Amino acid sequence: MSTAERLTVPDIRRMEESDLDSVMEIECTSFSTPWSRASFSNLLGRDDASLWVAAVDGNVVGYAVVWYVLREAELGNLAVASGWRRHGFGRYLLDWVLDKARRRGTERIYLEVRVSNRGAQELYERGGFQHVGFRRRYYRAPVEDARVMCFDLGSGE
Ligand SMILES: CC(C)(COP(=O)(O)OP(=O)(O)OC[C@H]1O[C@@H](n2cnc3c(N)ncnc32)[C@H](O)[C@@H]1OP(=O)(O)O)[C@@H](O)C(=O)NCCC(=O)NCCS
């Protein structure tokens with residue numbers, strides 16, 4: 001990969017209904033049990049959730065979904081289009097989410113990841129998340145444990 005490609009910076013903006021064709025294409029090629037279009041659509045209508053897309057030249061190349069419960073948050077979804085992986089976009093989206101959560105006064109952000117998904121775990125570990133436990137048989141197709149990870153944002157004050 002050339003240095004120029006590595007230096008591409010995506011535009012991050014709020015997801016809109018009109019992004020859902022692109023989002024679903026990435027979702028369906030990224031996960032064995034993809035979220036439905038309705039799941040994204042329902043979250044778009046909630047004010048306790050934030051859905052972000054990363055775009056390059058106007059094309060959606062990744063997204064992140066977070067929802068908030070009091071002073072905690074859950075990173076519910078994060079994916080980058082297969083042709084755009086290892087360009088730093090996952091980390092860029094992750095840092096964006098953490099920054100927005102911190103500004104809201106969020107104290108901790110949690111996520112679950114398949115124990116076999118070493119690439120994502122590497123991303124989260126390098127991004128500052130720490131292992132806090134497992135959820136046994138959390139995933140289906142195939143059934144697999146989830147590793148639970150947490151980023152401590154501090155008091156948010
Ligand atoms: C996980 C995912 C979001 C990473 O996105 P990405 O844009 O490729 O990640 P980045 O380029 O920002 O990677 C940042 C760092 O994370 C680590 N990393 C990312 N993908 C990795 C992989 N497949 N293997 C090992 N390390 C990986 C590396 O340390 C990488 O730094 P480097 O490229 O300098 O080595 C992407 O692979 C993806 O969409 N996967 C399918 C969906 C998924 O698993 N989502 C997470 C669900 S919990």
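Reader: Which element gives the largest share of the shell around the ligand?

Author: This is a predicted model, in which local features need pLDDT of at least 70 and side-chain atom pairs count only at pLDDT 80 or more, while totals for chains, interfaces and linings use all residues. Residues are numbered from 1 along each chain as its sequence is written. Helices (H or I, at least four residues) and strands (E, at least two) are DSSP runs numbered from the N terminus, and the largest share of the shell, five residues, comes from α5.

Reader: Which elements give two or more residues to the shell around the ligand?

Author: The ligand is surrounded by 18 residues, of which the closest are Arg85, Gly90, Arg91, Gly119 and Leu123; a residue counts as near when its C-beta atom, placed from the backbone, lies within 6 Å. The elements that contribute two or more residues to this shell are β4 (72–80), α4 (89–103) and α5 (118–126).

Reader: How many residues of the shell around the ligand are charged?

Author: In this classification Ala, Val, Leu, Ile, Met, Phe, Trp, Tyr, Cys and Pro are nonpolar, Asp, Glu, Lys and Arg are charged, and the others, Gly among them, are polar. By these classes, seven residues of the shell are nonpolar and six are polar, while the charged residues number five.

Reader: What is α2 to α3, roughly parallel or oblique?

Author: Helix α2 (residues 20–30) packs against helix α3 (residues 37–44) with the axes 10 Å apart and at an angle of about 130°, where axes are lines fitted to C-alpha atoms over the stretch in contact and angles run from 0 to 180 degrees between N-to-C directions. Angles under 35 degrees count as roughly parallel, over 145 as roughly antiparallel, 65 to 115 as roughly perpendicular and the rest as oblique. The angle therefore makes α2, relative to α3, oblique.

Reader: How many nonpolar residues does the contact of α2 with α3 have?

Author: Contact here means that the C-beta atoms of two residues, placed from the backbone, lie within 7 Å. Leu20, Val23 and Met24 in α2 meet Arg37, Phe40 and Ser41 in α3. By class, this contact has one polar residue and one charged residue, and its nonpolar residues number four.

Reader: What is the average twist from one strand to the next?

Author: Seven strands form an open sheet of mixed pairing in the order β1-β2-β3-β4-β5-β7-β6, two strands being paired if DSSP finds at least two bridges between them. At the edges are β1 (11–14) and β6 (130–139), each of which pairs on one side only. From one strand to the next, the twist averages 25°.

Reader: Which residue in β4 is the bridge partner of Gly62?

Author: Strand β3 (residues 59–69) pairs with β4 over eight bridges, in the antiparallel sense. In β4, the bridge partner of Gly62 is Val80.
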